[in-house]
Amino acid sequence: MTSDAKPTAKIQLPEMELECPIVVGTENEKSIDIRALRAQSGYITLDDGYGNTGACESKITYIDGEKGILRYRGYSIEDLAEHSTFVETALLLIYGELPTKETLSGFRKLLTDHEMLHEGLHNMYDGFPAEGHPMAILSAMINACSCYHPDIMVMEDETTFMAAAARLMSKVRTIAAAAYKTSVGQPHIYPSPNLSYCRNFLHMMFSIPFREFDPDPDVVSALRLFLILHADHEQNCSTSTVRMVASSQANLFASCAAGVCALWGPLHGGANMAVIKMLHELNESQIDLVKFMEGVKRKEFRLMGFGHRVYKNYDPRARILKKAVDKVIRKANIHDPFLDIARKLEEVALEDPYFIERKLYPNVDFYSGILLRTLGIPLNMFTVMFAIGRMPGWIAHWKEVQESDSRIHRPRQVYTGYVQREYIPCEKRGIEWNVGS
Ligand code: CMC
């Protein structure tokens, strides 16, 4: 290799040796570009769970899981959490730069212009049972938006894309609040054009006709913080889903509705609900926490809100949320026994060799549920809150896919089923089996 030759990796296969380019990211993350592997050798790579697979190159979010670093477009999460607003952070994620005053106010105006739902969409809530899960409703309603606003599917330039992004970000909060109102049998509250993004959401959640909800500014600020901390997290399960759907050139709304479904699972966004359910059970049963942890270590159940595929250190979002929970709880002058249990669990876990060896630390969901509880958000809305926060990230990733020359995403597999067999007529089949057995 000459000094200016690009570095390569050699892959030694039984039949041949292959030279693959090495691609290095701006933060020195190294990868082997195997795009030509199958064409040249007939081999594919096998990586269940994609723990070693870079699905794309991306300029949006950087995580160093070993050091516990998270940055959006180069800005540290700590800086954004302290100084930014959710709308500003959204623009940063989507467009790559912190917005000017004019861009920010222009986007805020778009959010206001598009905050209402078509009345036909409001009527659709009557079709859902009151106990229907808000994540199912959220995903269905985001998709349904494209029936009522077919123009959102046309995004041929920056202006139409920006309008679609604003529509999605704005409407998702109206949809979520209306889902909650339906579940408690209250009338939907229309958005107020005079309120900030976060206050407007709280207004639609907690105002009732002729009784305006007037939240404490610290509550609004805690919601702002929650949304910023959830705004993006590179190639996680739901974002990868959004990118996968986007790669088929599906529209922004369809792609993000798919993201909501992926987020729902308890190993992903659903963990914020699972943590509170776990804390509730521990509080009810008053079980000794050390004993409970023995069950976790025997792998009878997981300690929800702990562990992460990428963070092998304290999740920086959990650190910020832990502080915010302390502040909000102190200000509200309340005592939440769930917080005591969470703190104790963390203390036990961080000193236990099982967790130390596996590098399991609190993740974003460990304290976020306690914060949401303090803000008065009901448990079944927790994952919806995560989805509202993640919307700018999904929009940014959708845009990045459209702007790249990436092909439709289509992983391969190593087939391990039967080799070719001959069809046997029913009366000649020997083995008895029942569907579902
Ligand atoms: N409690 C107990 N053991 C755990 C936990 C946990 N929460 N998480 C991982 N482990 C163990 C696991 O049993 C395995 O042990 P061993 O090496 O003996 O087989 C080892 O740690 C590695 O776990 P893994 O399942 O291979 O790790 P993963 O990267 O596939 O999973 C995770 C990551 C987040 C799904 C997992 O840590 C987990 O299930 N955590 C609880 C659910 C949770 O809090 N999810 C929220 C994730 S952060 C926000 C988000 O993504 O939405």
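Where does R410 lie? I found R410 in the segment after α18 (382-403). Helices here are DSSP runs of H or I with at least four residues, strands are runs of E with at least two, and both are numbered from the N terminus.

**Ground rules.** I am working on a predicted model, where local features need pLDDT of at least 70, side-chain atom pairs count only at pLDDT 80 or more, and totals for chains, interfaces and linings use all residues. Residues are numbered from 1 along each chain as its sequence is written, and side-chain values use heavy atoms, with hydrogens and water left out.

**R410, continued.** I looked up its cover next. R410 is exposed, at a relative accessible area of 65%. My classes are buried under 20%, exposed over 50% and partly exposed in between, with a 1.4 Å probe and protein chains only. I then checked R410 against S248. The two are 162 residues apart in sequence, and their C-alpha atoms are 9.7 Å apart in space.

**Whole chain.** I noted 18 helices and six strands in the protein chain. The radius of gyration is 24 Å, close to the 22 Å from the globule rule for 437 residues, so the chain is as compact as a globular protein of that length. That radius is taken over C-alpha atoms, and the rule is 2.2 Å times the number of residues to the power 0.38. Along the principal axes, the C-alpha atoms fill a box of roughly 75 × 70 × 60 Å. Buried residues make up 47% of the 437.

I looked at contacts too, meaning heavy atoms within 4.5 Å. Of the contacts with a separation of 6 or more, 71% join residues 24 or more positions apart.

I have 48 positive and 54 negative side chains, and the centres of the two sets lie 1 Å apart. Lys and Arg count as positive, Asp and Glu as negative, while His and the chain ends are not counted.

**Helix α13.** Which residues of α13 (residues 289-297) are buried? I listed L289, F292, M293, G295 and V296. They cover an arc of only 150° around the axis, which puts them on the same side of α13. The arc is that of the directions from the helix axis to the C-beta atoms. An α-helix has 3.6 residues a turn, so residues three or four places apart point the same way. I traced the partners as well: the buried residues of α13 pack against α12 (271-285), α15 (337-350) and α16 (353-357).

**Positive phi.** Just after α13, I stopped at K299, where phi is positive at about 65°. K299 is not a glycine. It lies in the loop between α13 and α14 (316-332), and K299 counts as exposed at 57% relative accessibility.

Y50 sits in the loop between α1 (37-41) and β4 (61-64). Y50 is exposed, with a relative accessible area of 53%.

**E27.** Which residues touch E27, leaving aside neighbours within four places in sequence? I found Y62 and R71 in contact with E27. E27 is in the loop between β2 (17-24) and β3 (30-32). At 37% relative accessible area, E27 is partly exposed. I also took its separation from D126: 99 residues in sequence and 50 Å in space, C-alpha to C-alpha.

Methods: The place of a charge is taken as NZ of Lys, CZ of Arg, CG of Asp or CD of Glu.
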